[in-house]
Amino acid sequence: MPDLVLRGGWVIDGAGAPPRRADIGVDNGLVVAIGAIDESAGTILDCSNRYLMPGFVDTHSHADAMIFTEETQLALLRQGITTIIAGQDGVSYAPGDGTYAAEYFAAIDGAHPSYRGGGVAALLASYGRAVPINVAYLVPHGTVRHEVMGRANRPPSDAELATMIALVADGMAAGAVGLSTGLDYTPGVYGSTAELIAVCAPVVSCDAVYVTHIRGGYETKAAAGMSEVAAICEGAKVAAHVSHYHGPPDLLVPIVDDMRSSGLSVTFDHYPYRAGCTLLAMQLLPEWLLAFPAAEAARWLADRATKEALLRDWMPGLVDRPYLGPGWQDRLTPGFIPATEFRWAEGMTLAGAAATTGVAPEEFALDLLAATQLAVNAVSPRPPGLTVDDLAALIRHPGHMVGSDGIYLGGHPHPRGWGTFARVLARHVQDRRDLSWPEVAMHLAGRPASRFGLDGRGRLHPGFAADIVVVDPDRVADRASYASPRVPADGIDDVLVNGVPVLRDGLLTGARPGRGLRHRERITR
(Lines give C-alpha, C1' and ligand atoms only; values in the text may rest on other atoms or scores of the structure.)
Protein backbone atom coordinates (compact mmCIF):
# COMPACT_ATOMS: atom_id res chain seq x y z
CA MET A 1 0.00 0.00 0.00
CA PRO A 2 1.49 3.41 -0.95
CA ASP A 3 2.67 5.76 1.76
CA LEU A 4 1.28 8.76 -0.13
CA VAL A 5 -1.47 9.06 -2.74
CA LEU A 6 -1.96 12.05 -5.00
CA ARG A 7 -5.70 11.78 -5.49
CA GLY A 8 -7.93 12.87 -8.34
CA GLY A 9 -5.59 14.80 -10.62
CA TRP A 10 -5.01 14.61 -14.35
CA VAL A 11 -1.81 12.70 -15.08
CA ILE A 12 0.44 14.10 -17.82
CA ASP A 13 3.18 11.51 -18.02
CA GLY A 14 6.07 13.26 -19.82
CA ALA A 15 6.08 10.69 -22.62
CA GLY A 16 3.42 12.43 -24.74
CA ALA A 17 0.30 10.52 -23.72
CA PRO A 18 -2.91 12.55 -23.39
CA PRO A 19 -3.95 13.59 -19.88
CA ARG A 20 -5.93 11.01 -17.94
CA ARG A 21 -7.72 11.19 -14.63
CA ALA A 22 -5.85 8.97 -12.16
CA ASP A 23 -4.35 8.69 -8.72
CA ILE A 24 -0.61 8.31 -8.23
CA GLY A 25 0.73 6.14 -5.43
CA VAL A 26 4.16 6.93 -4.00
CA ASP A 27 6.19 4.67 -1.75
CA ASN A 28 9.79 4.95 -0.58
CA GLY A 29 10.68 7.59 -3.14
CA LEU A 30 9.18 5.87 -6.18
CA VAL A 31 5.97 5.99 -8.16
CA VAL A 32 4.43 2.59 -7.44
CA ALA A 33 0.97 2.87 -8.98
CA ILE A 34 -1.03 5.03 -11.38
CA GLY A 35 -4.78 4.51 -11.61
CA ALA A 36 -7.59 4.03 -9.12
CA ILE A 37 -5.97 3.46 -5.73
CA ASP A 38 -7.79 2.07 -2.72
CA GLU A 39 -9.34 4.69 -0.45
CA SER A 40 -7.65 3.12 2.58
CA ALA A 41 -4.16 4.03 1.31
CA GLY A 42 -1.80 6.24 3.33
CA THR A 43 -1.59 10.03 3.34
CA ILE A 44 -3.81 11.67 0.73
CA LEU A 45 -2.97 14.81 -1.23
CA ASP A 46 -6.09 16.13 -2.96
CA CYS A 47 -5.14 17.11 -6.52
CA SER A 48 -8.63 17.59 -7.95
CA ASN A 49 -8.74 19.88 -11.00
CA ARG A 50 -4.96 20.01 -11.15
CA TYR A 51 -2.39 18.40 -13.42
CA LEU A 52 0.15 15.89 -12.15
CA MET A 53 3.38 16.26 -14.11
CA PRO A 54 6.91 14.86 -13.82
CA GLY A 55 9.33 17.20 -12.08
CA PHE A 56 10.83 19.76 -14.41
CA VAL A 57 14.53 19.78 -15.30
CA ASP A 58 16.23 23.16 -15.58
CA THR A 59 18.78 22.34 -18.25
CA HIS A 60 20.85 25.48 -17.66
CA SER A 61 21.08 26.80 -14.12
CA HIS A 62 23.55 28.87 -12.13
CA ALA A 63 22.16 27.83 -8.76
CA ASP A 64 25.31 25.76 -8.12
CA ALA A 65 25.90 27.52 -4.76
CA MET A 66 22.73 29.52 -4.25
CA ILE A 67 20.60 26.36 -4.14
CA PHE A 68 21.53 26.14 -0.47
CA THR A 69 19.46 29.31 0.23
CA GLU A 70 15.73 29.05 0.92
CA GLU A 71 14.92 31.95 -1.39
CA THR A 72 16.46 30.13 -4.36
CA GLN A 73 14.80 26.87 -3.38
CA LEU A 74 11.42 28.59 -3.32
CA ALA A 75 12.09 30.30 -6.65
CA LEU A 76 12.81 26.92 -8.26
CA LEU A 77 10.07 24.84 -6.64
CA ARG A 78 7.32 27.38 -7.28
CA GLN A 79 8.11 26.83 -10.98
CA GLY A 80 8.04 23.03 -10.61
CA ILE A 81 11.80 22.57 -11.00
CA THR A 82 12.92 19.42 -9.19
CA THR A 83 16.34 18.98 -10.87
CA ILE A 84 18.93 21.47 -12.07
CA ILE A 85 21.86 20.88 -14.41
CA ALA A 86 24.82 22.75 -12.87
CA GLY A 87 28.41 23.23 -14.03
CA GLN A 88 27.37 25.42 -16.95
CA ASP A 89 29.36 27.62 -19.35
CA GLY A 90 32.61 25.81 -18.62
CA VAL A 91 32.92 27.29 -15.12
CA SER A 92 32.12 25.73 -11.74
CA TYR A 93 33.81 24.37 -8.63
CA ALA A 94 35.04 20.86 -9.47
CA PRO A 95 37.66 19.71 -10.29
CA GLY A 96 40.02 21.74 -8.13
CA ASP A 97 39.31 23.50 -4.86
CA GLY A 98 36.59 25.82 -6.19
CA THR A 99 38.54 29.08 -5.93
CA TYR A 100 38.68 29.75 -9.70
CA ALA A 101 34.90 29.61 -10.09
CA ALA A 102 34.30 31.55 -6.88
CA GLU A 103 36.51 34.34 -8.25
CA TYR A 104 35.74 34.35 -11.97
CA PHE A 105 32.01 33.61 -11.63
CA ALA A 106 31.64 35.55 -8.38
CA ALA A 107 28.75 37.48 -9.93
CA ILE A 108 27.09 34.44 -11.52
CA ASP A 109 27.51 31.38 -9.29
CA GLY A 110 28.99 32.85 -6.12
CA ALA A 111 30.98 30.73 -3.65
CA HIS A 112 29.95 27.22 -2.64
CA PRO A 113 29.32 27.09 1.12
CA SER A 114 31.23 23.86 1.79
CA TYR A 115 33.08 22.44 -1.24
CA ARG A 116 36.82 23.00 -0.99
CA GLY A 117 38.06 20.17 -3.19
CA GLY A 118 37.68 16.48 -3.83
CA GLY A 119 36.41 16.57 -7.38
CA VAL A 120 33.04 15.89 -8.91
CA ALA A 121 32.20 13.10 -6.47
CA ALA A 122 32.67 15.39 -3.48
CA LEU A 123 30.71 18.21 -5.09
CA LEU A 124 27.76 15.94 -5.91
CA ALA A 125 27.89 14.56 -2.37
CA SER A 126 27.57 18.10 -0.99
CA TYR A 127 24.02 18.31 -2.33
CA GLY A 128 22.81 14.96 -1.01
CA ARG A 129 20.13 15.37 1.67
CA ALA A 130 21.24 19.01 2.04
CA VAL A 131 18.79 20.68 -0.36
CA PRO A 132 15.22 19.92 -1.50
CA ILE A 133 16.15 19.74 -5.20
CA ASN A 134 18.26 17.30 -7.23
CA VAL A 135 21.51 18.52 -8.79
CA ALA A 136 23.25 17.00 -11.81
CA TYR A 137 26.63 18.31 -12.92
CA LEU A 138 28.61 18.95 -16.09
CA VAL A 139 32.41 18.81 -16.02
CA PRO A 140 33.36 22.43 -16.86
CA HIS A 141 36.05 22.69 -19.53
CA GLY A 142 37.21 26.14 -18.41
CA THR A 143 37.78 24.88 -14.89
CA VAL A 144 39.65 21.85 -16.22
CA ARG A 145 41.82 24.05 -18.42
CA HIS A 146 42.50 26.41 -15.53
CA GLU A 147 43.58 23.51 -13.32
CA VAL A 148 46.13 22.42 -15.92
CA MET A 149 47.18 25.64 -17.67
CA GLY A 150 45.95 28.55 -15.62
CA ARG A 151 44.90 31.46 -17.83
CA ALA A 152 47.46 30.67 -20.55
CA ASN A 153 46.45 31.79 -24.02
CA ARG A 154 48.09 29.02 -26.03
CA PRO A 155 47.44 25.44 -27.14
CA PRO A 156 48.12 22.76 -24.52
CA SER A 157 51.18 20.58 -24.79
CA ASP A 158 50.61 16.88 -25.37
CA ALA A 159 51.13 16.25 -21.66
CA GLU A 160 48.75 19.06 -20.66
CA LEU A 161 46.08 17.82 -23.04
CA ALA A 162 46.43 14.30 -21.64
CA THR A 163 45.96 15.68 -18.12
CA MET A 164 42.88 17.62 -19.20
CA ILE A 165 41.37 14.50 -20.77
CA ALA A 166 42.13 12.56 -17.58
CA LEU A 167 40.35 15.19 -15.44
CA VAL A 168 37.30 15.01 -17.68
CA ALA A 169 37.39 11.21 -17.49
CA ASP A 170 37.59 11.36 -13.69
CA GLY A 171 34.55 13.66 -13.59
CA MET A 172 32.58 11.43 -15.88
CA ALA A 173 33.47 8.37 -13.81
CA ALA A 174 32.23 10.22 -10.71
CA GLY A 175 28.82 10.69 -12.32
CA ALA A 176 28.90 13.90 -14.34
CA VAL A 177 26.23 14.05 -17.06
CA GLY A 178 28.48 15.65 -19.67
CA LEU A 179 31.06 18.32 -20.44
CA SER A 180 30.32 22.05 -20.66
CA THR A 181 32.20 24.81 -22.45
CA GLY A 182 31.97 28.58 -22.22
CA LEU A 183 33.73 29.78 -25.35
CA ASP A 184 33.37 33.48 -24.55
CA TYR A 185 34.84 33.07 -21.04
CA THR A 186 38.46 32.92 -19.85
CA PRO A 187 40.24 30.51 -20.23
CA GLY A 188 37.72 28.43 -22.21
CA VAL A 189 37.87 31.00 -25.00
CA TYR A 190 41.48 29.94 -25.65
CA GLY A 191 40.54 26.33 -26.38
CA SER A 192 40.70 25.41 -30.06
CA THR A 193 38.22 23.22 -31.86
CA ALA A 194 40.83 20.45 -31.93
CA GLU A 195 41.29 20.71 -28.16
CA LEU A 196 37.53 20.49 -27.60
CA ILE A 197 37.26 17.43 -29.82
CA ALA A 198 40.02 15.76 -27.82
CA VAL A 199 38.54 16.46 -24.38
CA CYS A 200 35.17 15.10 -25.53
CA ALA A 201 36.59 11.56 -25.76
CA PRO A 202 35.57 10.56 -22.20
CA VAL A 203 32.13 12.04 -22.81
CA VAL A 204 31.64 9.87 -25.87
CA SER A 205 32.78 6.75 -24.05
CA CYS A 206 30.05 7.37 -21.45
CA ASP A 207 27.39 8.12 -24.08
CA ALA A 208 26.95 11.55 -22.50
CA VAL A 209 26.55 15.02 -23.99
CA TYR A 210 28.72 18.02 -24.91
CA VAL A 211 27.01 21.24 -23.70
CA THR A 212 28.20 24.58 -25.03
CA HIS A 213 27.93 28.32 -24.70
CA ILE A 214 29.02 28.83 -28.29
CA ARG A 215 31.91 31.00 -29.40
CA GLY A 216 31.50 34.58 -30.58
CA GLY A 217 27.95 35.47 -29.58
CA TYR A 218 24.36 34.52 -30.34
CA GLU A 219 21.57 36.40 -32.10
CA THR A 220 22.64 37.17 -35.70
CA LYS A 221 26.22 36.05 -34.92
CA ALA A 222 25.28 32.46 -34.07
CA ALA A 223 26.14 30.85 -37.40
CA ALA A 224 29.92 30.77 -36.85
CA GLY A 225 29.61 29.34 -33.35
CA MET A 226 27.18 26.69 -34.52
CA SER A 227 29.55 25.75 -37.32
CA GLU A 228 32.13 24.94 -34.66
CA VAL A 229 29.54 22.86 -32.78
CA ALA A 230 29.01 20.85 -35.96
CA ALA A 231 32.76 20.34 -36.35
CA ILE A 232 33.04 19.09 -32.76
CA CYS A 233 30.08 16.74 -33.20
CA GLU A 234 31.60 15.31 -36.34
CA GLY A 235 35.18 15.17 -35.06
CA ALA A 236 34.40 13.65 -31.67
CA LYS A 237 31.26 11.70 -32.67
CA VAL A 238 29.57 13.37 -29.72
CA ALA A 239 26.00 14.51 -29.07
CA ALA A 240 25.71 18.27 -28.49
CA HIS A 241 23.39 20.53 -26.55
CA VAL A 242 23.53 24.29 -27.15
CA SER A 243 23.02 26.57 -24.16
CA HIS A 244 20.58 29.52 -24.17
CA TYR A 245 20.05 29.43 -27.94
CA HIS A 246 18.61 32.89 -28.59
CA GLY A 247 18.03 34.98 -31.68
CA PRO A 248 15.94 35.33 -34.83
CA PRO A 249 14.26 32.00 -35.59
CA ASP A 250 14.55 32.39 -39.36
CA LEU A 251 18.31 32.11 -38.81
CA LEU A 252 18.56 29.80 -35.80
CA VAL A 253 15.98 27.15 -36.67
CA PRO A 254 17.44 26.23 -40.10
CA ILE A 255 20.91 25.91 -38.57
CA VAL A 256 19.71 23.28 -36.09
CA ASP A 257 17.49 21.58 -38.67
CA ASP A 258 20.39 21.27 -41.13
CA MET A 259 22.64 19.79 -38.44
CA ARG A 260 20.00 17.29 -37.36
CA SER A 261 19.12 16.31 -40.93
CA SER A 262 22.81 15.59 -41.59
CA GLY A 263 22.78 13.04 -38.79
CA LEU A 264 24.19 15.11 -35.93
CA SER A 265 22.56 14.78 -32.53
CA VAL A 266 21.87 18.40 -31.52
CA THR A 267 19.43 19.88 -29.02
CA PHE A 268 19.24 23.26 -27.30
CA ASP A 269 17.74 25.12 -24.38
CA HIS A 270 16.04 28.49 -24.44
CA TYR A 271 14.37 30.94 -22.06
CA PRO A 272 11.33 33.01 -23.08
CA TYR A 273 12.71 36.50 -22.47
CA ARG A 274 14.11 39.12 -24.80
CA ALA A 275 16.94 40.19 -22.48
CA GLY A 276 19.97 38.30 -21.24
CA CYS A 277 22.32 38.59 -18.28
CA THR A 278 26.03 37.94 -17.95
CA LEU A 279 29.26 39.33 -16.51
CA LEU A 280 29.55 43.06 -17.07
CA ALA A 281 33.31 42.69 -17.43
CA MET A 282 32.98 40.17 -20.25
CA GLN A 283 30.83 42.63 -22.15
CA LEU A 284 32.92 45.76 -21.59
CA LEU A 285 36.59 44.87 -21.10
CA PRO A 286 39.24 43.82 -23.65
CA GLU A 287 40.44 40.24 -23.68
CA TRP A 288 43.95 41.11 -22.49
CA LEU A 289 42.53 42.55 -19.28
CA LEU A 290 40.18 39.61 -18.67
CA ALA A 291 43.19 37.28 -18.81
CA PHE A 292 44.33 38.54 -15.40
CA PRO A 293 42.99 37.32 -12.06
CA ALA A 294 40.18 39.59 -10.92
CA ALA A 295 42.17 41.42 -8.24
CA GLU A 296 44.98 42.20 -10.67
CA ALA A 297 42.57 43.32 -13.39
CA ALA A 298 40.95 45.64 -10.85
CA ARG A 299 44.37 47.18 -10.09
CA TRP A 300 44.85 47.86 -13.79
CA LEU A 301 41.45 49.57 -13.94
CA ALA A 302 42.34 51.72 -10.94
CA ASP A 303 45.52 52.90 -12.69
CA ARG A 304 44.82 56.34 -14.16
CA ALA A 305 46.86 55.85 -17.34
CA THR A 306 45.23 52.49 -18.09
CA LYS A 307 41.76 53.87 -17.42
CA GLU A 308 42.33 56.87 -19.68
CA ALA A 309 43.64 54.63 -22.46
CA LEU A 310 40.57 52.39 -22.22
CA LEU A 311 38.22 55.37 -22.31
CA ARG A 312 40.02 56.81 -25.30
CA ASP A 313 40.91 53.75 -27.38
CA TRP A 314 38.62 50.88 -26.33
CA MET A 315 35.26 52.02 -25.06
CA PRO A 316 34.17 53.86 -28.27
CA GLY A 317 34.35 50.56 -30.14
CA LEU A 318 31.90 48.76 -27.84
CA VAL A 319 29.03 49.58 -30.17
CA ASP A 320 30.33 46.79 -32.41
CA ARG A 321 30.63 44.17 -29.64
CA PRO A 322 28.26 41.17 -29.30
CA TYR A 323 25.30 41.81 -26.97
CA LEU A 324 25.89 45.60 -26.98
CA GLY A 325 25.42 47.90 -29.98
CA PRO A 326 24.67 51.64 -30.03
CA GLY A 327 23.10 52.97 -26.86
CA TRP A 328 24.39 50.15 -24.64
CA GLN A 329 24.88 52.64 -21.81
CA ASP A 330 21.10 53.08 -21.61
CA ARG A 331 20.35 49.35 -21.68
CA LEU A 332 22.83 47.60 -19.38
CA THR A 333 21.43 47.28 -15.85
CA PRO A 334 23.70 45.93 -13.08
CA GLY A 335 21.89 43.23 -11.13
CA PHE A 336 24.56 42.29 -8.59
CA ILE A 337 27.05 44.77 -7.09
CA PRO A 338 28.87 43.50 -3.99
CA ALA A 339 30.68 46.79 -3.24
CA THR A 340 28.65 48.70 -0.64
CA GLU A 341 29.58 52.10 -2.05
CA PHE A 342 27.98 51.17 -5.39
CA ARG A 343 25.14 48.87 -4.33
CA TRP A 344 22.64 51.69 -4.78
CA ALA A 345 23.12 51.31 -8.54
CA GLU A 346 21.62 47.80 -8.71
CA GLY A 347 18.63 47.99 -11.03
CA MET A 348 19.66 51.30 -12.62
CA THR A 349 21.02 51.61 -16.14
CA LEU A 350 24.68 52.50 -16.39
CA ALA A 351 23.69 55.83 -17.94
CA GLY A 352 21.20 56.55 -15.16
CA ALA A 353 23.62 55.61 -12.40
CA ALA A 354 26.44 57.61 -14.00
CA ALA A 355 24.23 60.69 -14.22
CA THR A 356 23.85 60.72 -10.44
CA THR A 357 27.63 60.78 -10.01
CA GLY A 358 28.40 63.35 -12.68
CA VAL A 359 30.67 61.16 -14.79
CA ALA A 360 30.23 59.55 -18.19
CA PRO A 361 28.67 56.05 -18.25
CA GLU A 362 31.88 54.56 -19.63
CA GLU A 363 33.94 55.93 -16.74
CA PHE A 364 31.32 54.91 -14.20
CA ALA A 365 31.40 51.33 -15.56
CA LEU A 366 35.18 51.10 -15.22
CA ASP A 367 35.07 52.52 -11.69
CA LEU A 368 32.36 50.03 -10.78
CA LEU A 369 34.37 47.08 -12.08
CA ALA A 370 37.49 48.25 -10.28
CA ALA A 371 35.65 48.63 -6.95
CA THR A 372 34.10 45.15 -7.18
CA GLN A 373 37.09 43.27 -8.62
CA LEU A 374 34.93 42.63 -11.72
CA ALA A 375 32.16 40.91 -9.69
CA VAL A 376 29.19 42.55 -11.40
CA ASN A 377 26.48 40.97 -13.53
CA ALA A 378 24.19 43.00 -15.75
CA VAL A 379 20.87 42.48 -17.47
CA SER A 380 21.29 43.29 -21.14
CA PRO A 381 18.32 43.69 -23.49
CA ARG A 382 19.01 42.15 -26.87
CA PRO A 383 18.79 44.25 -30.02
CA PRO A 384 15.15 45.17 -30.77
CA GLY A 385 13.11 43.16 -33.20
CA LEU A 386 12.39 39.78 -31.57
CA THR A 387 8.72 39.15 -30.85
CA VAL A 388 6.83 36.64 -28.74
CA ASP A 389 6.11 34.77 -31.97
CA ASP A 390 9.86 34.55 -32.57
CA LEU A 391 10.40 33.08 -29.11
CA ALA A 392 7.55 30.64 -29.75
CA ALA A 393 9.17 29.37 -32.95
CA LEU A 394 12.12 28.09 -30.91
CA ILE A 395 9.89 26.77 -28.12
CA ARG A 396 7.94 24.60 -30.58
CA HIS A 397 11.08 23.04 -32.05
CA PRO A 398 11.54 19.27 -31.45
CA GLY A 399 15.08 19.88 -30.19
CA HIS A 400 13.94 22.42 -27.60
CA MET A 401 14.21 22.19 -23.82
CA VAL A 402 13.90 24.89 -21.20
CA GLY A 403 16.87 26.35 -19.38
CA SER A 404 16.37 29.38 -17.19
CA ASP A 405 20.04 30.46 -17.11
CA GLY A 406 18.92 31.62 -13.66
CA ILE A 407 21.33 33.76 -11.63
CA TYR A 408 20.25 34.25 -8.02
CA LEU A 409 22.74 36.83 -6.79
CA GLY A 410 22.07 40.51 -6.30
CA GLY A 411 19.21 42.79 -5.43
CA HIS A 412 18.03 43.18 -9.00
CA PRO A 413 18.74 40.00 -11.01
CA HIS A 414 17.16 38.90 -14.26
CA PRO A 415 13.60 37.62 -13.58
CA ARG A 416 14.23 34.42 -15.53
CA GLY A 417 15.44 32.64 -12.38
CA TRP A 418 12.00 33.12 -10.82
CA GLY A 419 9.72 32.95 -13.84
CA THR A 420 11.02 30.98 -16.84
CA PHE A 421 9.12 27.72 -16.44
CA ALA A 422 5.91 29.36 -15.24
CA ARG A 423 6.05 31.76 -18.20
CA VAL A 424 6.34 28.84 -20.62
CA LEU A 425 3.31 27.17 -19.03
CA ALA A 426 1.18 30.30 -18.75
CA ARG A 427 2.01 32.08 -21.99
CA HIS A 428 3.06 29.38 -24.41
CA VAL A 429 0.77 26.55 -23.27
CA GLN A 430 -2.29 27.90 -21.50
CA ASP A 431 -2.69 31.18 -23.40
CA ARG A 432 -1.11 30.84 -26.86
CA ARG A 433 -1.26 27.05 -27.28
CA ASP A 434 2.21 26.96 -28.81
CA LEU A 435 2.58 23.61 -27.04
CA SER A 436 -0.03 21.27 -25.63
CA TRP A 437 0.22 20.11 -22.03
CA PRO A 438 1.51 16.65 -23.04
CA GLU A 439 4.07 18.30 -25.32
CA VAL A 440 5.31 20.73 -22.69
CA ALA A 441 5.78 17.87 -20.22
CA MET A 442 8.17 16.32 -22.73
CA HIS A 443 10.01 19.62 -23.28
CA LEU A 444 10.36 20.35 -19.55
CA ALA A 445 10.86 16.84 -18.15
CA GLY A 446 10.90 13.79 -20.43
CA ARG A 447 13.28 15.07 -23.09
CA PRO A 448 15.89 16.65 -20.77
CA ALA A 449 15.91 13.62 -18.47
CA SER A 450 16.68 11.44 -21.48
CA ARG A 451 19.22 13.83 -22.95
CA PHE A 452 21.23 14.18 -19.75
CA GLY A 453 21.11 10.51 -18.78
CA LEU A 454 18.83 10.95 -15.76
CA ASP A 455 17.49 7.43 -15.90
CA GLY A 456 14.24 6.79 -14.09
CA ARG A 457 13.25 10.46 -14.10
CA GLY A 458 11.31 12.80 -16.36
CA ARG A 459 8.22 10.58 -16.60
CA LEU A 460 5.37 9.50 -14.37
CA HIS A 461 5.58 5.73 -14.56
CA PRO A 462 5.75 2.95 -11.96
CA GLY A 463 9.33 2.42 -10.90
CA PHE A 464 10.39 5.98 -11.72
CA ALA A 465 11.52 8.47 -9.08
CA ALA A 466 8.59 10.34 -7.57
CA ASP A 467 9.59 13.83 -8.66
CA ILE A 468 6.07 15.18 -9.12
CA VAL A 469 4.68 18.66 -9.76
CA VAL A 470 1.04 19.57 -9.13
CA VAL A 471 -0.01 22.35 -11.51
CA ASP A 472 -3.17 24.46 -11.41
CA PRO A 473 -3.51 25.31 -15.12
CA ASP A 474 -5.86 28.22 -14.45
CA ARG A 475 -3.55 29.88 -11.92
CA VAL A 476 -0.07 29.16 -13.20
CA ALA A 477 1.73 32.41 -13.99
CA ASP A 478 5.11 34.08 -13.68
CA ARG A 479 5.10 37.12 -11.39
CA ALA A 480 8.73 38.19 -11.65
CA SER A 481 9.41 41.21 -13.85
CA TYR A 482 12.41 43.32 -14.77
CA ALA A 483 11.19 45.90 -12.27
CA SER A 484 10.49 43.32 -9.51
CA PRO A 485 12.55 40.23 -10.38
CA ARG A 486 12.52 38.29 -7.09
CA VAL A 487 8.83 37.34 -7.06
CA PRO A 488 7.99 33.59 -7.02
CA ALA A 489 5.60 32.16 -9.58
CA ASP A 490 1.99 31.20 -8.89
CA GLY A 491 -0.04 28.09 -9.63
CA ILE A 492 2.38 25.40 -8.44
CA ASP A 493 1.80 24.90 -4.73
CA ASP A 494 2.69 21.22 -4.20
CA VAL A 495 5.89 19.49 -5.30
CA LEU A 496 7.47 16.15 -4.40
CA VAL A 497 11.16 15.34 -4.82
CA ASN A 498 12.17 11.69 -4.46
CA GLY A 499 8.74 11.01 -3.02
CA VAL A 500 8.97 13.64 -0.29
CA PRO A 501 6.77 16.77 -0.21
CA VAL A 502 9.14 19.74 -0.42
CA LEU A 503 6.54 22.38 -1.31
CA ARG A 504 3.12 22.34 0.37
CA ASP A 505 0.52 25.04 -0.15
CA GLY A 506 3.19 27.15 -1.82
CA LEU A 507 5.61 27.01 1.12
CA LEU A 508 8.81 25.09 1.73
CA THR A 509 8.25 22.11 4.01
CA GLY A 510 11.84 22.07 5.24
CA ALA A 511 12.46 18.57 3.89
CA ARG A 512 15.76 18.05 2.05
CA PRO A 513 15.52 14.90 -0.04
CA GLY A 514 17.52 16.26 -2.99
CA ARG A 515 20.39 14.23 -4.37
CA GLY A 516 23.51 14.74 -6.39
CA LEU A 517 22.40 12.79 -9.47
CA ARG A 518 24.84 10.55 -11.34
CA HIS A 519 24.77 9.81 -15.05
CA ARG A 520 22.78 6.66 -15.82
CA GLU A 521 22.31 6.06 -12.11
CA ARG A 522 19.94 3.21 -11.41
CA ILE A 523 16.80 4.20 -9.53
CA THR A 524 16.16 1.96 -6.54
CA ARG A 525 14.03 2.06 -3.43
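A contact is defined here as heavy atoms within 4.5 Å. By this criterion, 75% of the contacts in the chain between residues at least 6 apart in sequence join residues at least 24 apart. The structure is a predicted model, in which local features need pLDDT of at least 70 and side-chain atom pairs count only at pLDDT 80 or more, while totals for chains, interfaces and linings use all residues. Residues are numbered from 1 along each chain as its sequence is written, and side-chain values use heavy atoms, with hydrogens and water left out.

The chain contains 18 helices and 20 strands, assigned as DSSP runs (H or I, at least four residues, for helices; E, at least two, for strands) and numbered from the N terminus. The C-alpha trace spans about 80 × 55 × 45 Å along its principal axes. Of the 525 residues, 62% are buried, where buried means under 20% relative accessible area, exposed over 50%, and partly exposed in between (1.4 Å probe, protein chains only).

Helix H4 (residues 141-149) is largely enclosed by the rest of the structure, because seven of its nine residues are buried. These are His-141, Gly-142, Thr-143, Val-144, Arg-145, His-146 and Met-149. Their cover includes helices H2 (99-104), H5 (158-173) and H6 (193-199), together with strands E8 (134-140) and E9 (178-182). Gly-150, which follows H4, has a positive phi near 65°.

The bond joining Ala-94 and Pro-95 is cis, with omega about 5°, and Pro-95 is located in the loop between strand E7 (81-86) and H2. The bond joining Thr-186 and Pro-187 is likewise cis, with omega about 0°; Pro-187 occupies the loop between E9 and H6.

A buried histidine, His-414, has a relative accessible area of 2% and lies in the loop between strand E16 (400-402) and helix H17 (416-431). Leaving aside neighbours within four places in sequence, His-414 contacts Tyr-273, Ala-275, Gly-276, Cys-277, Val-379, Tyr-482 and Pro-485. Cys-277 is 137 residues from His-414 along the chain, yet their C-alpha atoms are separated by 6.5 Å.

The structure holds zero disulfides, a disulfide being a pair of cysteine sulfur atoms within 2.5 Å. The sulfur of Cys-206 is too far for a bond from the closest cysteine sulfur, that of Cys-200, which is 12 Å away. Cys-233 is also in no disulfide, and the nearest cysteine sulfur, again in Cys-200, is 8.3 Å away.

Asn-49 has a phi near 65° and lies in the loop between strands E4 (43-46) and E5 (51-54), where Asn-49 is exposed with a relative accessible area of 61%. Asp-505 has a positive phi of about 55°; its place is in the loop between strands E19 (500-504) and E20 (507-508), and at 57% relative accessibility Asp-505 counts as exposed.
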